[in-house]
Amino acid sequence: MVSLSIIADLKARKIFNSRGEETVEVEVKTLGGFGCAAAPSGKSRGKYEVVPFPEGGVSEAIRRIEEYVKPKLLGLDADNQELIDKTLHEVDGTENFSFIGGNTAYAISLAVAEASASTHRQPLFVNLSRVKEAFLPIPLGNVLGGGKHSGKGAPDIQEFLVLPFGCKSFFEAYTANVKIHSRLGKVLEEKVSGFTGGKGDEGAWAPPLTNEKALEFVLRVVEEISNEMGVKIGVGLDVAASSLWNPKLNRYEYVGEEKRRDKGEQLEYILDLIRRFKLVYVEDPFHEDDFESFAELTKKAKGCLVCGDDLFVTSKEKLSFGIKVKAANSLIVKPNQVGTVTDTYETVKLAKNSGYTPVISHRSGETPNTHIAHLAVAFGCPIIKTGVVGGERIAKLNELIRIEEASKGRIPLVKLKL
Ligand code: PGA
Ligand code: ZN
């Protein structure tokens with residue numbers, strides 16, 4: 001009998017992401033199902049990520065799908081995700097997906113995964129599940145931001161994040177983030193002259209503030225909401241330090257604050273922020289080649305998740321090295337940094353086996369797709385990082401509300417020990 005999960009058709013088109021940039025969307029038909037996925041895009045991309053699109057952009061990526069990828073995938077079994085992803089690597093033939101594009105590989109890989117799930121009439125997270133006991137992730141929400149995601153005058157640090165832990169349900173945790181975002185907006189409008197309600201790419205407020213003033217406002221609102229709701233909520237940062245690093249002068253340049261910090265000063269600065277603002281999460285506090293400073297910070301910052309984004313770029317090889325030198329205790333998981341579902345899972349598996357907390361993450365340029373919500377549950381990622389508002393951000397979070405409801409208590413919110 002012919003299997004209903006055989007790939008019968010594949011089609012790619014150009015669409016736009018939340019920043020108005022072109023991206024690729026792929027549809028896959030099996031004999032008994034259908035899947036569709038579009039790729040997100042980063043703006044503060046790590047230099048070791050796979051190449052998003054070939055030269056010639058999305059149009060060229062679509063041409064290469066038609067000419068090279070489609071003929072190889074038609075007739076394969078969508079249930080065999082590993083074979084699909086291996087075939088994508090073979091067709092591409094490069095180390096970094098520069099021939100078809102990492103974003104192209106991502107859209108195809110996820111569309112196939114969804115087509116397989118649809119063939120079996122299962123939600124994606126069930127069909128892709130690699131864990132014995134599933135749980136729902138805690139949402140790490142971006143409430144205030146600057147850096148490359150915002151205009152002039154906003155803080156030099158890219159993201160000010162909130163992490164509600166000790167909540168009873170995903171719904172409650174998401175509610176905490178929404179309340180913080182909303183209260184913070186009101187406080188900033190009242191207290192910060194020149195702030196007109198502007199937001200950055202991920203829906204975070206982008207007020208004209210220094211990093212420390214921004215942290216003071218965020219911490220104050222977090223404490224208020226935490227008391228009102230009776231839940232614990234921590235504050236975090238994505239420093240995105242590769243964007244601040246000047247390799248010629250060997251220093252971090254905080255242009256808005258007119259401060260320069262060498263490697264040692266940066267370490268002291270971050271440690272000081274962790275202590276003073278009780279930070280529970282710090283992402284990319286150093287640039288993408290400085291494993292040494294990461295390790296130094298991880299040793300000194302007890303009780304804080306030290307997370308590598310540009311440092312690891314979701315790569316198994318980079319993470320292996322990081323584990324060896326004890327660089328961090330957490331990593332960002334962005335599937336389009338490596339290109340496929342299988343590569344993503346391999347990295348998550350290594351992280352979990354090595355005591356690293358995997359944080360599945362959106363990109364600053366997003367689509368309304370919900371795939372990362374499903375990957376979080378399927379792969380057992382305890383934290384999901386997205387914005388708090390904006391259609392393309394809430395799509396992921398609202399999907400987790402639906403999963404929580406449908407599970408009728410069988411998929412609990414993860415218990416995070418910090
Ligand atoms: P990007 O950044 O999606 O713009 O690359 C997000 C992040 O640094 O976490
Ligand atoms: Zn980051």
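Q: How are residues, chains and ligands numbered, and which parts of the model are used?
A: Residues are numbered from 1 along each chain as its sequence is written, while chains are lettered from A and ligands numbered from 1 in the order in which they are written. Because the model is predicted, local features need pLDDT of at least 70 and side-chain atom pairs count only at pLDDT 80 or more, whereas totals for chains, interfaces and linings use all residues; side-chain values use heavy atoms, with hydrogens and water left out.

Q: Why is N17 called buried?
A: N17 has a relative accessible area of 7%. Buried means under 20% relative accessible area, exposed over 50%, and partly exposed in between (1.4 Å probe, protein chains only), so N17 counts as buried. N17 is found in the loop between β1 (7–16) and β2 (22–30); helices (H or I, at least four residues) and strands (E, at least two) are DSSP runs, numbered from the N terminus.

Q: What makes the pair N17 and E21 a polar contact?
A: The side chains of N17 and E21 are joined at 2.8 Å. A polar contact is a pair of N or O atoms within 3.5 Å; within protein, one must be able to donate a hydrogen and the other to accept it, and residues adjacent in sequence count only if both atoms are side-chain atoms. Leaving aside neighbours within four places in sequence, N17 is also in contact (heavy atoms within 4.5 Å) with T23, S41, G365 and E366.

Q: How do you know that N336 is buried, and what does its side chain meet?
A: The relative accessibility of N336 is 6%, so N336 counts as buried. N336 lies in helix α10 (residues 335–338). A polar atom of its side chain is 3.0 Å from the backbone oxygen of P40, and the side chain of N336 makes a polar contact with that of R363 at 3.1 Å.

Q: Which residues come nearest to ligand 1?
A: Of the 15 residues around ligand 1, K43, H149, R363, S364 and K385 come nearest; a residue is near a molecule or strand if one of its heavy atoms lies within 4 Å of it. A polar side-chain atom of S364 lies 2.5 Å from an oxygen atom of ligand 1. The protein covers 99% of the 280 Å² of accessible area that ligand 1 has on its own; such areas come from the Shrake-Rupley method with a 1.4 Å probe, and for residues only the protein chains shown count as cover.

Q: Why is K326 called exposed, whereas A327 is called buried?
A: K326 has a relative accessible area of 62%, so K326 is exposed. A327 is at 0% relative accessibility and therefore counts as buried. K326 is found in the loop between α9 and β12, and A327 lies in the loop between α9 and β12 (330–333).

Q: What makes the phi of T314 a point to mention?
A: T314 has a positive phi of about 55 degrees although it is not a glycine. T314 is placed in the loop between β11 and α9.

Q: How do you know that the protein chain agrees with a compact globule?
A: With 418 residues, a compact globule would have a radius of gyration near 22 Å, and the protein chain has 21 Å, which agrees. The radius of gyration is taken over C-alpha atoms, and the globule rule is 2.2 Å times the number of residues to the power 0.38. Buried residues make up 61% of the 418 residues.
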